[in-house]
Amino acid sequence: MFGLRLFSGDDYDEEGTDFVTPLTIFFALGIYLVFRRYQNNRNRPIPFRWPEPREAEPGWQSIVIENPSLESHKGMEDLMPPFRPEGRRYITSYDPATGLHLGTIVADDPTEIQQKIEAAGAAQKEWRQTSFAQRRRVIRSLKKWLVENQESCARVACRDTGKTMIDAALGEILTTCSKMDWIINHGERYLQPERRRTNLILSYKLSEVHYEPLGVVSAIVSWNYPLHNAWSPILAGLFAGNAVVVKCSEQVIWSTQWFVGAIKECLRVCGYDPELVQLVCCWPDAAEALTTSQHIKHITFIGSEEVGRKVAQAATVHLTPVTLELGGKDPAIILQGTNIKKYASLWMRGVYQNVGQNCIGIEKLIVHSSLYPDLLEELSDRVKDLRCGAVLPQVADDYLNPVDCGAMISRDRFDHLETVIAQAQDAGATVIGGKRHHHPYHANGAFFEPTIVGEAPEETRVVQEELFAPVALLMSFETTEEAIELANGTRYGLGASVWGPDQEECVNVAKRLECGMVSINDFGVFYLNQDLPFGGTKASGYGRFGGPEGLRSLTNPKAIVVDRWPWLIQTSIPKVLDYPIASVQQSWAFVSGLVGVLYADGWRARFDSLTKLMNAAGR
C-alpha cells in the first residue's frame, strides 16, 4: 500500500496497448522541436546587403596614373576630390597592377582620430553588456555574408593590391572564414569565467578568473591582406566585448573602407551601434593620436620592425600593452632524403604566394647539398613559366586574366631589391630574374620578376634581410647542425618549416629553431588552425594574436576569490596574530609552525610543526 504506482490498468486498452509511452515521446519531441526552433531563430545569421563598389567590376576604367604614388594628386589636379577641406592632406588610391585611379581620400587628422576613439568608447558601454550568443550572431552573419560575397571581396582586394584572385581566396577569404568559425565554435569557452586550483591553506575558498572587456582596443595593420588584416582584429576584439579602432595602411584605404563598412552595416542590421568599429587612415605623423591615447587599452601592430619600435615606444606614454608582429625571414629546412618532386608545389606556393608579400612566406630554402641541384632545376623550370600581370580584365564580361603573379603593392622597393640581389650576384650567388618586370600592357604596373637566388654568402643582405618579394633564396648544408645554424642565423624568428622523410627527425629539428611557429612537411598551416597562437620572437616581435592566447590578450583577466562554504567557514585572524601583537616570539612560533605544517618535507617534520603551532596558539 506504500509503494509508488507508476502505471494503472487505465493506461492500456483492452488488447494491452501502451498509450503513455508514445504520448510521452511525442510530447518530449514537441518540446525539443520548439526549443530547437527558438534556438535557431535566436542564433541564425541575419542577412544584409553591402553593394560591391563599381571600381571592382571587370572592365571598369578610370584615369591611368603614370608612375603612381600615394601623393600623385599633388601633380595631377584632376585626381583631387570636388570637395576639398582647407588645410587637409590627401591620399591617392590606385590599382598597383594598372595604375588606375581609385580615389583620393582625405587623411584623418589628430582631432578626427580622437573623435573616432571617443565614439567607439561610447558605443562599447552597451556592447560590453551583450551575451556571447549575441556576439556570435553578429560574427555568424558576417561569415554568411563573406561566403556569399567572396568573389566581390576578392575582386576588391585584387583591385587595391594588385594580387591575383587565387591569392585573395587563400589569404583573404579562407583564413578569415577559419577565424570566424573558430570564434563561433570555441571563443566562448576561453572567455567564460574559469575555475582555478587552490592550495591546502585556501581549501575553503573558490578561485576564478573572469575575462572582462578592456574597452577600446586598436589594431594597426599592414597592406598585404587588407580584408583579413582588418577583419581579424575586429572579430576578436568584438567577441571579447571591446570596441575596435583599426588603422590601415595608406596603401589600402580604398578597399579597407569597404571591408570595414560591411562590418558596420552588419552591426547596424543586428541592432547595435556601428560606431563600435572605427577606421582610421592617416599619414604616419598623425598616428601618435592613436598610439598615445589614454583611451586605447591594447594595440595590435602588424608591420615593419622600424615602425613597430615607434609604436611600442609611443605606447609607453600610458603603458598601453602592445602585441607586435614584425615579419620574418622564415626558413624551410629540407633534410636529406626529402622527395623534391612531392613538395615542390608547396615550396612554390610558400615563396611566390602574394608575390612574396607574406609575413610567413618562405624566404630561405635551406636544402641538403645532395638535393640542391635537383631543387634548383625544379624551381628554375617552374619559375620561368610564371606569368605576371593584372588579373582583373580591362573589358567588361571578359574572362579573368590567366595570371600567376600579380603586382607588388608599389614600386617603392624595387631599387632596393635590385641592389641587394645584384650584391649577392657579385658575391658569387646564382641569380635567375632579379629585376623589375616591364609588362607590355600595363606600363604603370608594379611587377617584379619571380626570382631565384642560389648560394648567396651568409653575410649578404639578401640572406639577412626580409625581402618581402617573389624571391626564392636557396642555401645548401652538409649537416643538420649547419642547417639549424643557417635557419637561426638572422635577427628574425617568426615561422619556419622542416621537411623530410622522418617526421620524428623533423620535429627534433623544429624544437631547436628560434621562432614562434613551425610546420612539418607543410607550409603555413599553423595560421590556418586558428586555435593556435600566432607570433614570433627576436626581431619578429612579441605577444600573440590568434588562438586562446590572442583572444584573452584583449581582456582584463580578473581574479576573484570567494568562500566555498560561507555559511560554515570564513577567514578569521587568530588571536596570536591579531593587532596589536601581544608577543612577537609567540606569533613567530605560530606562523613558522603553520608554514611547516603546510610545506615541510616529510610527515615527521609536519607533525613537529603542528605541535609547535598548537603550543603557540594555546599559550
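**Exercise 1.** Which elements each supply at least two residues of the lining of the largest cavity?

*Before you start.* You're working with a predicted model, so to speak: local features need pLDDT of at least 70, side-chain atom pairs count only at pLDDT 80 or more, and totals for chains, interfaces and linings use all residues. Residues are numbered from 1 along each chain as its sequence is written, and side-chain values use heavy atoms, with hydrogens and water left out.

*Solution.* 
- Step 1: On a 1 Å grid over the protein atoms alone, a cavity is a set of points where a 1.4 Å probe fits but cannot get out, and lining residues have an atom within 4 Å of a point.
- Step 2: find the cavity. The whole structure holds seven cavities of 30 Å³ or more, and the largest has a volume of about 160 Å³ (the space filled by probe spheres set on the points).
- Step 3: read off the elements. They are β5 (216-220), α6, β8 (296-302) and α17 (547-552). Helices (H or I, at least four residues) and strands (E, at least two) are DSSP runs, numbered from the N terminus.

**Exercise 2.** Describe how α6 packs on α7.

*Solution.* 
- Step 1: take the axes, which are lines fitted to C-alpha atoms over the stretch in contact. Those of α6 (residues 226-239) and α7 (residues 253-269) come within 9 Å and cross at roughly 30 degrees.
- Step 2: name the arrangement. α6 is roughly parallel to α7, a label for angles under 35 degrees.
- Step 3: list contacts (heavy atoms within 4.5 Å). From α6, Pro226, Leu227, Ala230, Trp231, Ile234 and Leu238 meet Ser255, Thr256, Phe259, Val260, Ala262 and Ile263 in α7.
- Step 4: sort them. You get ten nonpolar, two polar and no charged. Ala, Val, Leu, Ile, Met, Phe, Trp, Tyr, Cys and Pro count as nonpolar, Asp, Glu, Lys and Arg as charged, and the others, Gly among them, as polar.

Definitions and conventions:
Axes are lines fitted to C-alpha atoms, for helices over the stretch in contact, and angles run from 0 to 180 degrees between N-to-C directions. Angles under 35 degrees count as roughly parallel, over 145 as roughly antiparallel, 65 to 115 as roughly perpendicular and the rest as oblique. On a 1 Å grid over the protein atoms alone, a cavity is a set of points where a 1.4 Å probe fits but cannot get out, and a pocket is an open set with protein on both sides within 12 Å along at least five of seven lines; lining residues have an atom within 4 Å of a point.
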